[in-house]
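Here are my notes on the model. Keep the structure open and check each point as you read.

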Amino acid sequence: MNVGCIAAIAANTVRESVRSKLLYGLVFFAVLLISAGAILSSLSYVEGHRILQDVGMGAVRFFGVAIAILVGINLIHREVDRRTVYTILSKPLSRGDFLLGKWAGLVVTLWIQVAIMGAAFVVVSLSTGAPLGASHAAFFVLTGFELALVVAVATLFSAFTTPVLAAFFTSGIWVVGHLTRDLRDIGASSGLPMVESTTWLLHRVLPDLESFNVASEAAHLLPLTTADWTLPMLYGTAYAVVVLMAAVAIFERRDLR
């Protein structure tokens, strides 16, 4: 693994991504929805601040995942389609370096978008008098780690299939990843050993994306322990490493012709 090559590919990916009109469009609508939360909250006589922040954090998560999937699925396909991948891989870098550089570049791009949406969230909250606390900062940090994991999954699928299928599979993993805890609990209460073991296995194998979700705690200003946000960060990092190792192994064996 050549860190210099990975950094160069990542920097180039960031430059390409920030020129994407799709990216600007999604961020615009995210900021618009965050701002619209102020109007929605004014229609309620109770818990207006909570409604404002629920809408804002929901917009950050929805549009963050949309950017991760829509941009992530084209990471490899665009380079192969334009045949620039042959020029890049003719240089002294491995396919693994290329793939990891693309992933790292998109993650940096997403974190910049999350920072922009977070700034809009803070401005709207302060202008309406909504309280802010450390749990809000934890929400944005954990959302960034969740998106890095989603990009790793999108990179895995984009390494061997078409953008449409990669979008379908990544979206499915994201939805199921937020339901694995509920599936595990339903299986545990079913009383059927086969169902219980199957749902437990799904919870262990598929990403537990709900572990990154502290939106409810942030909206209610509930205190978080150090473990509440460090353990999901460690879990997301370890899971992303495993997924990227699989993606590199597949991409190195892929016939690009």
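1. Start with T170. This residue sits in helix α8, which covers residues 163-177. Helices here are DSSP runs of H or I with at least four residues, strands are runs of E with at least two, and both are numbered from the N terminus. The model is predicted: local features need pLDDT of at least 70 and side-chain atom pairs count only at pLDDT 80 or more, while totals for chains, interfaces and linings use all residues. Residues are numbered from 1 along each chain as its sequence is written, and side-chain values use heavy atoms, with hydrogens and water left out.

2. Is T170 buried or exposed? T170 is buried, because its relative accessible area is 2%. The cut-offs are these: buried is under 20% relative accessible area, exposed is over 50%, and partly exposed lies in between (1.4 Å probe, protein chains only). Which residues does T170 touch, leaving aside neighbours within four places in sequence? They are I69, V150, V153, A154 and F157. Contact means heavy atoms within 4.5 Å.

3. Now look at L93. It is in the loop between α5 (84-89) and α6 (95-128). L93 counts as buried, at 14% relative accessibility. With neighbours within four places in sequence set aside, L93 is in contact with C5, I9, I88 and F98. For a sense of distance, take L93 and V175: they are 82 residues apart in sequence and 35 Å apart in space, C-alpha to C-alpha.

4. Next, the aromatic rings. How many aromatic pairs does a search of the whole structure find? The search finds 11. Rings of Phe, Tyr and Trp (its six-membered ring) pair if their centres lie within 6.5 Å; planes under 30 degrees apart count as stacked, over 60 as edge-to-face, and the rest as tilted.

5. Take F121 and F140. Their ring centres are 5.5 Å apart and their planes meet at 65°, so this pair is edge-to-face. F121 belongs to helix α6 and F140 to helix α7 (residues 134-158), so the pair ties together parts 19 residues apart in sequence. Both F121 and F140 are buried.

6. Compare Y235 and Y239. The centres of these rings lie 5.8 Å apart with planes at 55°, so the pair is tilted. Y235 and Y239 are four residues apart in helix α12 (residues 226-252), which means about one helical turn separates them. Y235 is partly exposed, at 28% relative accessibility. Y239 is buried, at 18%.

7. One aromatic cluster deserves a look. It is formed by F157, F160, F168 and F169. F157 is also one of the contacts of T170.

8. Step back to the whole chain. It has 12 helices and zero strands. The C-alpha trace spans about 65 × 50 × 30 Å along its principal axes. Buried residues make up 46% of the 257 residues. Of the contacts with a separation of 6 or more, 82% join residues 24 or more positions apart.

9. Last, the charges. The chain has 17 positive and 16 negative side chains, and the centres of the two sets lie 13 Å apart. Lys and Arg count as positive and Asp and Glu as negative; His and the chain ends are not counted. Each charge is placed at NZ of Lys, CZ of Arg, CG of Asp or CD of Glu.
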